[in-house]
Amino acid sequence: MRAEHPPAEQAIELAGCRIPYRLRRSPRRRTIALLIDDRGLQVAAPLRAPQDAIDALLREHARWVIRKFGDWQRKRPLPRSWIAGEQVMLRGNALTLELRAGVPRARQDGDRLLVGAAPDAAAIEASVHRWIKDEAIRHFTDRCRDYSTQLGLPEPAVRLSNARTRWGSCHASGRIRMNWRLIQLPEAWIDYVAAHEVAHLRQMNHSPAFWQTVATLVPDHRELRAALRREAHRYLLP
Ligand SMILES: [Zn+2]
């Protein structure tokens with residue numbers, strides 16, 4: 001039997017701040033755990049953990065919770081309304097969303113992104129996502145082909161991923177997955193992720209030899225990696 005406990009939105013007041021959180025109870029958990037992820041504060045608790053115990057843990061870690069929650073609020077991407085005039089990022093450049101009747105498929109026109117006028121935001125969002133994923137797979141495939149050629153390796157099969165926490169991954173069979181959200185970031189950052197994954201085709205680890213291979217493809221990989229860690233959240237579409 002499986003017990004489904006849909007996460008409930010709760011809140012606690014800590015040092016005068018109202019901190020909303022999602023509580024997820026699970027029969028497999030033995031302890032209460034606090035976590036900040038891209039959705040905010042999450043509390044994982046055993047099925048029968050009393051609310052007092054959850055509150056006590058949140059109070060005990062109040063400073064950490066307030067600091068991390070504040071970081072999350074500052075970093076979280078702005079909610080989108082999918083209306084004309086909004087900006088959509090492509091390879092580090094801002095395109096302005098323009099709704100135009102009779103445009104069958106979203107397409108770029110200079111610094112504008114033309115999208116067919118649709119009756120609701122969801123349809124516009126779907127159209128933009130279709131377009132951006134097409135752009136992503138084309139660009140990622142190009143970059144990975146270029147780097148694999150430089151290393152004298154066969155061209156890898158590139159697929160898109162939808163992961164929330166990672167930009168890329170590489171499978172021993174020669175398959176590379178890259179997060180479609182990456183296509184919003186500056187090209188040099190995309191290059192770093194592509195080079196990193198292609199280098200894994202030669203070294204399936206993060207040994208010094210691996211980083212040496214990355215450096216032959218992208219000499220300033222250290223700076224790019226740091227920039228990606230620091231800034232990438234600004235480019236994440238919700
Ligand atoms: Zn890696």
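Is His200 buried or exposed? Select it and see: at 8% relative accessibility, His200 counts as buried (buried is under 20% relative accessible area, exposed over 50%, partly exposed in between, with a 1.4 Å probe and protein chains only). Before moving on, note that this is a predicted model, where local features need pLDDT of at least 70, side-chain atom pairs count only at pLDDT 80 or more, and totals for chains, interfaces and linings use all residues. Residues are numbered from 1 along each chain as its sequence is written, and side-chain values use heavy atoms, leaving out hydrogens and water.

Stay here and show the zinc ion. His196, His200 and His206 coordinate it, each through NE2, at 2.0 Å (donors are N, O and S atoms within 2.8 Å of the metal, 3.2 Å for Na, K and Ca; water is not among the atoms, so sites may look incomplete). Along the sequence, the donors follow the spacing H-x3-H-x5-H.

Next, pick the open three-stranded sheet, ordered β9-β11-β10 with mixed pairing. Strands here are DSSP E runs of at least two residues, helices H or I runs of at least four, numbered from the N terminus; two strands pair if DSSP finds at least two bridges between them. β9 (157–161) and β10 (168–170) are the edges, each with a single partner strand, so one side of each lacks a neighbour in the sheet. Zoom in on β10 and β11 (175–179): they run antiparallel, joined by three bridges. Cys170 has Ile176 in β11 as its bridge partner.

Last stop: Ser26, in strand β2 (residues 17–26). Ser26 is buried too, with a relative accessible area of 13%.
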